[in-house]
Amino acid sequence: MSDRRAYHLAQFYELLDRLEDELCGARRLSECDGKMGWPRRGVYFFRESGENRSDSGDGPRVVRVGTHALKAGGKATLWNRLSQHRGTVKSGGGNHGGSIFRSITGAALMQRDGWDCSTWGHGSNAPKAVREAEHPLEQAVSAVIRDMPFLWLAMDDEPGPGSQRGYIERNAIALLSNYKGERIDQPSGGWLGYHSEREKVRKSGLWNNNHVEGGYDPAFLDCLERLIG
């Protein structure tokens, strides 16, 4: 095992434990709405039932890291992004065209459970008939994602290439990823992500497709510690 990476992973999870204490516990999207006083911008860390650490310590492992509004002029808020992942409360569905997290999860469900939905992932402006045909799978995706506990870190920096949120996001993903490095805190044998058509999801152990193949800067942990405070 890479002692250096395992050490940094242990540091990372210790910081998330502190963040969880600050937040008075993780949340699930099934119990969240837009009236809960969300910060305008931030980074989020999703976990998943049955997915636990095995090498860097005890407790749940992070399965997805994300943020929003990284391009200059971006207007999306943290809750905007989380609500895209959550989907529509009334119908139980959603729009995977607006959430790569939903799109990847749905494709894995199709492969594992034999869904017949050939239009999945073919664009965000699908005709009404296509959206109606996709609706049952959208509901299945919502059920999976809404049950995932998550933490969030408020970071109200301006969108743009120098965003500190982007720095935290890409380094956290690279640290967590097993895509090219030694496999630390491997997914459980029944992890849904193993059914993904995306090699980077299967091999990284994350519901992320970007940043999983890069190296990380350990200094981001110092930055994360200061932000958690």
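Is asparagine 52 buried, partly exposed or exposed?

1. Asparagine 52 is partly exposed, at a relative accessible area of 44%, where buried means under 20% relative accessible area, exposed over 50% and partly exposed in between, with a 1.4 Å probe and protein chains only. The model is a predicted one, in which local features need pLDDT of at least 70 and side-chain atom pairs count only at pLDDT 80 or more, while totals for chains, interfaces and linings use all residues. Residues are numbered from 1 along each chain as its sequence is written, and side-chain values use heavy atoms, with hydrogens and water left out.

2. Asparagine 52 belongs to strand S2, residues 42–52; helices (H or I, at least four residues) and strands (E, at least two) are DSSP runs numbered from the N terminus. Leaving aside residues up to four places away in sequence, asparagine 52 touches Gly59, Pro60, Arg61 and Gln186, contact being taken as heavy atoms within 4.5 Å. Its C-alpha atom is separated by 23 Å from that of isoleucine 228, which lies 176 residues apart from asparagine 52 along the chain. Arginine 61, one of these contacts, lies over the face of tryptophan 191 at 5.2 Å from the ring centre, the rule being that NZ of Lys or CZ of Arg is within 6 Å of the ring centre and within 35 degrees of the ring normal.

3. Helix H7 covers residues 219–228, and its buried residues are Phe220, Leu221, Cys223, Leu224 and Ile228. Seen down the helix axis, these residues fall within an arc of 160 degrees, so they line one face of H7; the arc is that of the directions from the axis to the C-beta atoms. They pack against helix H1 (3–22), strand S4 (149–154) and helix H5 (164–176). Just after H7, glycine 229 takes a positive phi of about 70 degrees.

4. For helix H1, 20 residues at 1.5 Å a residue should span 28 Å, and the end C-alpha atoms are 29 Å apart, which agrees; the expected span is 1.5 Å times one less than the number of residues. Among the buried residues of H1 are Arg5, His8, Phe12 and Tyr13, and the buried residues of this helix pack against S2, strand S3 (60–66), S4, H5 and H7.

5. The structure holds twelve aromatic pairs, counted when rings of Phe, Tyr and Trp (its six-membered ring) have centres within 6.5 Å, with planes under 30 degrees apart called stacked, over 60 edge-to-face and the rest tilted. Phenylalanine 12 and phenylalanine 45 have ring centres 6.0 Å apart and planes at 65 degrees, so the pair is edge-to-face; it links helix H1 with strand S2 across 33 residues. Phenylalanine 12 and phenylalanine 220 have ring centres 6.4 Å apart and planes at 45 degrees, so that pair is tilted, and it joins H1 to H7 across 208 residues. Phenylalanine 12 is buried at 0% relative accessible area, and phenylalanine 220 likewise counts as buried at 0%. Elsewhere, Trp38, Tyr44, Phe46, Trp79, Phe101, Phe150 and Trp152 form one aromatic cluster.

6. With a disulfide defined as a pair of cysteine sulfur atoms within 2.5 Å, the count comes to zero. Cysteine 24 has its sulfur 14 Å from the closest cysteine sulfur, in cysteine 32, which is too far for a bond.
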